[in-house]
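Reader: I've got a structure open and I'd like to learn how to read its strands and loops. Can we go through it together?

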Amino acid sequence: DGSCEYCSCPLNPLIINSWETTTGPSGNEVISDYTNYQYNGSVTARIYLDDEEIGASGDILAAFVDNELRGIAFADPAPPPLGGGYVFNIMIFSNESSGEILTFKYYNDLSDYVICLSETLEFVSDMIIGDALAAHDFNISSDWLDADLLLPESFIINSAYPNPFNPYVNIEYSII
């Protein structure tokens with residue numbers, strides 16, 4: 001529910017689909033209701049897991065204020081000054097010129113997980129955090145991922161007994 005320092009959850013299509021986007025004036029994807037906001041600022045970021053980049057094509061970075069979507073960015077190939085990999089160019093919107101606390105969620109397309117990032121930033125109108133030469137780094141620790149994102153490799157479902165048409169049925173299963 002996002003209340004813990006780190007959270008992760010299997011992809012819920014409602015979560016990702018609620019991050020509605022449109023093409024903004026610059027041609028980049030932005031939140032669909034960006035015209036409802038008076039101020040904006042930008043963050044150029046990269047995502048790391050234990051200091052190794054994990055951002056990839058299909059990944060999404062979203063910014064929130066009190067669980068309200070305020071910005072979204074899809075992974076773009078990083079320009080040569082950033083040394084390859086992927087970067088997130090996120091435009092963030094607000095009706096307050098400063099003071100709102102931004103939280104971030106990262107959708108990893110490969111693992112199909114949404115990860116709440118622990119780092120927060122303060123919104124300031126016209127802010128520019130990170131750029132083409134030095135992106136802002138979000139670094140996730142694998143200490144908490146080991147337990148939370150561990151996916152089973154296989155599962156086994158045994159036959160139902162005594163009879164699947166009885167009012168009570170036992171189904172044994174194993175997750176490996």
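Predicted model: local features only at pLDDT ≥ 70, side-chain atom pairs only at ≥ 80, totals over all residues.

Reader: Where does D51 lie?

Author: D51 sits in the loop between β4 (39–49) and β5 (52–53). Check its backbone too: phi of D51 is near 70°, a positive value in a residue other than glycine.

Reader: Is N67 buried or exposed?

Author: The cut-off for exposed is over 50% relative accessible area. N67 counts as exposed because its relative accessibility is 58%. You'll find N67 in the loop between β6 and β7 (68–74), and N67 has a positive phi of about 65° although it is not a glycine.

Reader: Which residue takes a positive phi in the hairpin of β10 and β11?

Author: That's D112, with phi near 65°. The hairpin has four residues between the strands.

Reader: Now the strands. How many bridges join β10 to β11?

Author: A general idea to begin with: in a regular strand the side chains alternate between the two faces of the sheet. Here, β10 and β11 (residues 113–124) run antiparallel, and eight bridges join them.

Reader: Which strand do five bridges join to β10?

Author: That's β6 (residues 60–65), which runs antiparallel to β10 (residues 98–108).

Note on methods:
Residues numbered from 1 in each chain as written. Heavy atoms only, no water. Pairing = 2+ DSSP bridges. Helix = DSSP H or I, 4+ residues; strand = E, 2+ residues; numbered from the N terminus. Buried < 20%, exposed > 50% of the residue type's maximum accessible area, 1.4 Å probe, protein only.
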